[in-house]
Amino acid sequence: MSEAARTPKMAAPLARVRPLLPGLLIVVVIAFASRFVAEHYGAPAMLLALLFGIALNFLSADETARPGIEFGASTLLRIGVALLGVRISAEVVGSLGWGVVALVVVAVLATIGFGLALTRAFGFRYRFAFLSAGAVAICGASAAMAIAAILPKDERSDERLVFTVVGVTVLSTLAMVIYPVIVSGFGWDDRQAGMFIGATIHDVAQVVGAGYSISEEAGVTATMVKLLRVVMLAPIVVVAGLMIRMRATEPDPTGKRPPLVPVFVAGFVILALLNSLGLLPGLIVAPASAASGWTLLAAIAAVGLRTVPQRILNVGLPAVGLLAAETAFLALFVALGLSVLA
């Protein structure tokens with residue numbers, strides 16, 4: 001092949017990537033700034049990325065930056081969720097026992113069911129109920145972004161996602177402080193306390209903080225239970241995606257029907273299976289896990305950049321009530337379940 005023929009083929013991918021660079025550069029800078037502030041001041045990096053993005057939302061109106069920001073809020077989000085699969089291993093189930101596994105699985109399903117059953121009382125339809133309950137039940141902001149990726153889009157999709165991410169992050173931070181105090185009055189040992197912490201607090205970072213504030217055993221147990229909740233992300237998203245696909249009467253704005261299994265969910269499952277079977281070397285697992293955190297951080301920054309602050313207020317107090325009710329339900333359900341297992 002001549003040099004002249006090879007050059008257009010090499011130029012084509014570059015031509016597709018070049019329009020994304022300005023927006024992606026903004027998203028990456030926000031992600032790095034959020035991580036820096038989080039590491040130095042102890043604030044949740046996800047929340048900081050979201051708030052920094054919202055503060056700079058005027059940049060999304062710039063025609064040069066918009067393509068990269070849109071790419072960050074969609075494609076980067078899916079890549080980050082898929083890479084979460086490398087954090088899953090067979091040790092999660094083996095070290096906890098089937099009683100705890102069953103309790104966590106039932107608690108996740110019951111919390112989602114509770115949110116869907118209660119949604120009408122708070123004036124919402126299934127989209128916000130599933131988004132909020134899934135975030136509460138599974139893994140906070142990461143679950144919210146994965147669920148948002150399969151929900152049908154409308155003009156309020158971004159504000160629902162932003163509100164949910166902010167809400168579960170704030171509730172997780174409060175729980176990180178309050179729950180260790182509460183469990184000390186239950187008469188549980190450190191392992192049981194860790195189970196409660198891991199099964200009820202929404203975000204991984206706050207689970208780790210609350211668990212290790214009790215003891216090392218509680219911290220390890222809490223982290224393992226939390227990873228078990230993360231395992232639930234794939235089947236929940238797959239089943240929900242199939243139900244949404246069957247209910248869809250009109251194609252989405254792109255003219256396509258939702259896929260049977262979203263590609264990012266398939267990637268999550270494949271990586272989780274490979275890691276559980278010991279087929280992924282540590283040289284791959286560690287960087288992929290870190291890349292997952294960075295891509296999700298960049299994705300939530302992009303979502304923030306697309307969000308008009310005034311619209312978040314439109315979600316209103318009923319949304320706060322629904323999130324709080326789902327959080328309280330999960331805590332009570334797990335506490336009763338642990339009492340039965342004790």
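**Exercise 1.** Is Glu-63 buried or exposed in this predicted model?

*Solution.* Step 1: the relative accessible area of Glu-63 is 56%. Step 2: exposed means over 50%, so Glu-63 is exposed. Step 3: Glu-63 forms a salt bridge with Arg-66, with the closest N and O atoms 2.9 Å apart. Step 4: Arg-66 has a relative accessible area of 32% and is partly exposed.

**Exercise 2.** Find which residues are joined with Arg-306 into one network of salt bridges.

*Solution.* Step 1: the side chain of Arg-306 meets that of Glu-70 in a salt bridge, at 2.5 Å from N to O. Glu-70 is in helix H4 (residues 66–83), and Arg-306 is in the loop between helix H15 (282–305) and helix H16 (309–312), 236 residues apart. Step 2: Arg-306 also forms a salt bridge with Asp-158, the closest N and O atoms being 2.8 Å apart. Asp-158 belongs to helix H9, so this pair ties together parts 148 residues apart in sequence. Step 3: shared partners therefore join Glu-70, Asp-158 and Arg-306 into one network. Step 4: for accessibility, Glu-70 is partly exposed at 34%, Arg-306 at 27% and Asp-158 at 21%.

**Exercise 3.** Describe the surroundings of helix H8 and its packing against H9.

*Solution.* Step 1: 11 of the 11 residues of H8 (residues 140–150) are buried, so the helix is largely enclosed by the rest of the structure. Among them are Gly-140, Met-145 and Ile-150. Step 2: H8 and H9 pack at about 165 degrees, with axes 9 Å apart. Step 3: this angle makes H8 roughly antiparallel to H9. Step 4: their crossing is right-handed.

Note on methods:
Residues numbered from 1 in each chain as written. Predicted model: local features only at pLDDT ≥ 70, side-chain atom pairs only at ≥ 80, totals over all residues. Heavy atoms only, no water. Buried < 20%, exposed > 50% of the residue type's maximum accessible area, 1.4 Å probe, protein only. Helix = DSSP H or I, 4+ residues; strand = E, 2+ residues; numbered from the N terminus. Axes fitted to C-alpha atoms, helices over the stretch in contact; angles between N-to-C directions. Parallel < 35°, antiparallel > 145°, perpendicular 65-115°, else oblique. Left-handed = near helix turned anticlockwise from the far one by under 90°. Salt bridge = Lys/Arg side-chain N within 4 Å of Asp/Glu carboxyl O.
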